[in-house]
Amino acid sequence: MTTSPFPILRQIALGTADFAGDGDRLRTLFGLAPGYTDPMLEDVGMADETLPVGDVAYLELVAPLNEKAPINGWLAKVGGTAGYCASIQVSDLTPHLAAAETAGVRIAVDLDVHGKRIIQFHPADMGLLVELDEIPDPQAWHWDDVDFATPAEPLIQDVVGMDVATADPVARAELWAAVLGVEVDEWDDVPLIRLGERTVRFVKDDVARLSAIDVVATAAGQDLPDEIDFGRVTFRVQHA
């Protein structure tokens with residue numbers, strides 16, 4: 001029996017007020033080449049840089065371009081650089097929209113991006129900004145036509161998971177599972193869901209946020225520490 005690869009956790013964005021400084025730090029930290037700037041985000045007052053990590057996953061930095069940008073309020077609330085958004089690829093938005101309506105999850109954004117429909121759920125309902133991207137081909141993504149620079153010696157090769165901090169991990173996990181059409185699992189008393197080959201864990205904290213990101217080291221990155229604090233996000237490094 002064939003199992004669908006969807007949904008797939010594809011891209012994780014960090015929000016920052018120090019776009020240049022955090023961009024340099026992130027690239028240096030993980031040996032990444034300069035990334036792609038999406039001109040569409042300029043229309044909503046945001047700077048961004050998308051960095052490929054291996055062949056499937058992406059890290060992104062977003063920042064305000066002016067004082068009116070909506071992300072300014074979020075940055076003031078979280079107190080600096082923090083996990084901002086998770087982009088999840090699905091083959092068809094229809095069942096997820098129906099599940100979201102049933103669960104009372106509001107849609108904040110519904111639009112066409114680069115010829116593909118995306119929706120974003122209200123962060124107050126999901127615990128952070130969650131984006132679903134309708135791209136039926138599991139081998140395709142928004143940036144397939146972008147000619148990214150190749151890093152000379154990357155220190156990480158994949159992004160394989162993240163933590164969602166929440167006051168009620170079980171309830172949050174059940175909500176995500178219902179909307180995304182997956183099952184809730186558990187490891188070491190921590191509820192989690194699996195999105196393709198990636199994992200979202202739900203951990204206890206009074207402040208709802210994307211609190212940790214799991215990355216996989218390359219052979220050149222074996223000397224990276226197991227945990228690296230980056231603002232209010234912790235990168236956890238998996239070593240071969």
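The second largest pocket has a volume of about 280 Å³. A pocket here is an open set of points on a 1 Å grid over the protein atoms alone, with protein on both sides within 12 Å along at least five of seven lines. Grid points are joined across faces, edges and corners, and a volume is the space filled by probe spheres set on the points. Lining residues have an atom within 4 Å of a point. For this pocket they number 18, and Arg10, Asp55, Val56, Pro138 and Gln139 are the closest to its centre. The lining splits into 10 nonpolar, three polar and five charged residues. Ala, Val, Leu, Ile, Met, Phe, Trp, Tyr, Cys and Pro count as nonpolar, Asp, Glu, Lys and Arg as charged, and the others, Gly among them, as polar.

The model is predicted: local features need pLDDT of at least 70, side-chain atom pairs count only at pLDDT 80 or more, and totals for chains, interfaces and linings use all residues. Numbering starts from 1 along each chain as its sequence is written, and side-chain values use heavy atoms, with hydrogens and water left out.

Now turn to the largest pocket. Its volume is about 1100 Å³. Lining it are 42 residues, with Met46, Tyr84, Cys85, Gln120 and Leu129 closest to the centre. By class, 25 are nonpolar, eight polar and nine charged.

A cavity is a set of points where a 1.4 Å probe fits but cannot get out. One cavity of 30 Å³ or more is counted. The largest cavity holds about 30 Å³. Leu32, Ala33, Pro34, Pro52, Ala149 and Pro151 line this cavity. Its lining has six nonpolar residues, no polar and no charged.
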